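Trainee: I would like to learn how to read strands, helices and domains in a structure. Could you walk me through an example?

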Amino acid sequence: MYDIKALYEAHSVDEAIKLRLEHPDAQILAGGSDVLVQIREGKRAGKELISIYMIDDMRGVTLCDNGDIRIGSLTSFSHITKNEIIQKYINVLGEAVDMVGSPQIRNIGTIGGNTCNGVTSADSASTLFALDALVELTGENGKRVVPIADFYIKAGVVDIKPDEIQTAIIIPKEKYTDYYGHYIKYAMRNALDITTTGCSVNVKLSEDKKTFLDVRIAYGVAGPVPMRAKSAETYIKGKSVSEENIKEFSNAVLEDVNPRDSWRASKALRQHLCVELAYRAIKECVSLAGGEL
Amino acid sequence: MAQYKLVKFTLNGKKVEQMVDVRASLTDMLRNDYRMTSVKKGCEVGECGACNVLINGECFNSCIYLAVWADGKEVRTLEGLLGENGELSDIQQAFIDEAAVQCGFCTPGVIMSAVEILESGRDYTDDELRKLLSGHLCRCTGYENILRAVRKTLDKRLGK
């Protein structure tokens, strides 16, 4: 039995918005693999919950007419990994969410819940930052879309208004076309572990595969919220594909990242990981893009 | 004030309905209302896999699944694997043959993960099997015998 004050169930987005307005103190519940566990631990105990888990309209991946990829917020991690559109266009996201928790957790955990939690270690988040994803929120007055980097306000706090729920994650066509991505999760064990530090890189090479036209690199657990390493990105843009340049690029991330000491790992280890994971991830991206080092 | 809801679902192939406290987990409902005691209460935070059941063909830790979410779904537990006269299924027998059971607490959950793997109808490498079984903690013996039991049953079902 959970210590829940009351449970309100929404079966449609409209119902969810109505419930949000009627119960301003209620916590939104998607898959529950974080919220229900926190209730068990006493952290969120005794609260009212609005369950949106039964809103089936919020599940699934679609390729929009304009080429954007739209992922319903309640799509489970395992359904993202198995989805053909994801595999064809943004396989890196499917691989990243395949590292969350365990098979059972990947069946219940949702990409919306993962991002709305606002935690820096979310395995989907760094890749969504590296893909320049957009977050779709639906409220009383319709939809609004915000870049994922603006969606995160601070640790544990995201930009959801009192009448809103997150309804989709959108990957714009121009952000994934001709990009090749790779995500590395560093953790203490392979399953059921929280990322010590994770790094996701997207690379677009020139036609002759000799120049970096664009690189986007993002981290989880390199700061209070997921983040991009913009100095490193600026450094590598327009540079030739070489061992020396990707080494420089990897070192440059230290100007951007800001990890801390925690019981999981020291700041020093995380800084080391930031550099090493950047190096390994970009190397893999170059290889996926058909380039040579 | 207690809040109840009528939940209608299919349990091991049988249509059932139950008035349930909305605060109940699916583990609570399966154990208390249906006596499905193969569904174990282990960690109760979704880490150990002892409460694992199949919902619409996919594995879920029922301890972090609200009972009310079972509405309209097809739920399967280890009890559903038994034959008409209580005969064991091939995967259960394989766990015995391979000594993949010691205290037995994690076993029903692991077997339900194995059922999802077996029913997918495809083959997997040992590494893939390890990953697919990684949502379970066994504190008795380790995992080699479990892996062997799943491997052998899979090979047999695929006619290898």
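Mentor: Gladly; we will take sheets, then helices, then domains and the contact between the chains. Keep in mind that this is a predicted model.

Trainee: Let's begin with sheets. What holds strands together, and in which order do the strands of the three-stranded open sheet of chain A come?

Mentor: The general idea is that strands of a sheet pair through backbone hydrogen bonds, either parallel or antiparallel. In chain A, the open sheet of three strands has the order E1-E3-E2, and its pairing is parallel. E1 and E2 of chain A are the edge strands, each pairing on one side only. On average, neighbouring strands of this sheet are turned by 30 degrees against each other, direction ignored.

Trainee: How many bridges join E1(A) to strand E3 of chain A?

Mentor: There are five bridges between E1(A) and E3(A), residues 47-51, and the two strands run parallel. Tyr8(A) has Ile50(A) in E3(A) as its bridge partner, and Glu9(A) stands opposite Ser51(A) in E3(A). On the E2 side, strand E2 (residues 27-29) of chain A is joined to E3(A) by three bridges, again in parallel. There, Ile28(A) has Ile50(A) as its bridge partner.

Trainee: And where do side chains go along a strand?

Mentor: In a regular strand the side chains alternate between the two faces of the sheet.

Trainee: What does a hairpin look like in chain B?

Mentor: Look at strand E3 (residues 52-55) and strand E4 (residues 58-61) of chain B, which pair in the antiparallel sense over four bridges. Ile55(B) stands opposite Glu58(B) in E4(B). The two strands form a hairpin with two residues between them, and Asn56(B) in the turn has a positive phi of about 45 degrees.

Trainee: Now helices. How do I describe two that pack together?

Mentor: Two packed helices are described by the angle between their axes and the distance between the axes. In chain B, helix H2 (residues 90-97) and helix H5 (residues 144-157) pack at an angle of about 135 degrees, with axes 9 Å apart. That angle makes H2(B) oblique to H5(B). Their crossing is right-handed.

Trainee: Which residues meet there?

Mentor: Asp90(B), Ile91(B), Ala94(B) and Phe95(B) come from H2(B), and they meet Ala149(B), Lys152(B), Thr153(B) and Lys156(B) in H5(B). The residues of this contact divide into four nonpolar, one polar and three charged.

Trainee: How is each chain divided into domains?

Mentor: The assignment for chain A gives domain 1 (4-51), domain 2 (59-174) and domain 3 (177-288). The C-alpha centres of domain 1 and domain 3 of chain A lie 35 Å apart. Chain B has domain 1 (4-78) and domain 2 (90-157), with C-alpha centres 21 Å apart. Their contact takes 15 residues from domain 1 of chain B and 13 residues from domain 2 of chain B. On the domain 1 side, the largest share, three residues, comes from E3(B), a strand of the hairpin.

Trainee: Finally, how many residues does each chain give to the contact between chains A and B?

Mentor: Chain A gives 23 residues and chain B gives 26 residues. H6(A) gives the most to the side of chain A that touches chain B, with five residues. By class, that side divides into 14 nonpolar, seven polar and two charged residues.

Key: Residues are numbered from 1 along each chain as its sequence is written. Chains are lettered from A and ligands numbered from 1 in the order in which they are written. This is a predicted model: local features need pLDDT of at least 70, side-chain atom pairs count only at pLDDT 80 or more; totals for chains, interfaces and linings use all residues. Two strands pair if DSSP finds at least two bridges between them. Domain bounds come from an automatic or database domain assignment. Axes are lines fitted to C-alpha atoms, for helices over the stretch in contact, and angles run from 0 to 180 degrees between N-to-C directions. Angles under 35 degrees count as roughly parallel, over 145 as roughly antiparallel, 65 to 115 as roughly perpendicular and the rest as oblique. A crossing is left-handed if the near helix is turned anticlockwise from the far one by less than a right angle, and right-handed if clockwise. Two residues are in contact if their C-beta atoms, placed from the backbone, lie within 7 Å. Ala, Val, Leu, Ile, Met, Phe, Trp, Tyr, Cys and Pro count as nonpolar, Asp, Glu, Lys and Arg as charged, and the others, Gly among them, as polar.
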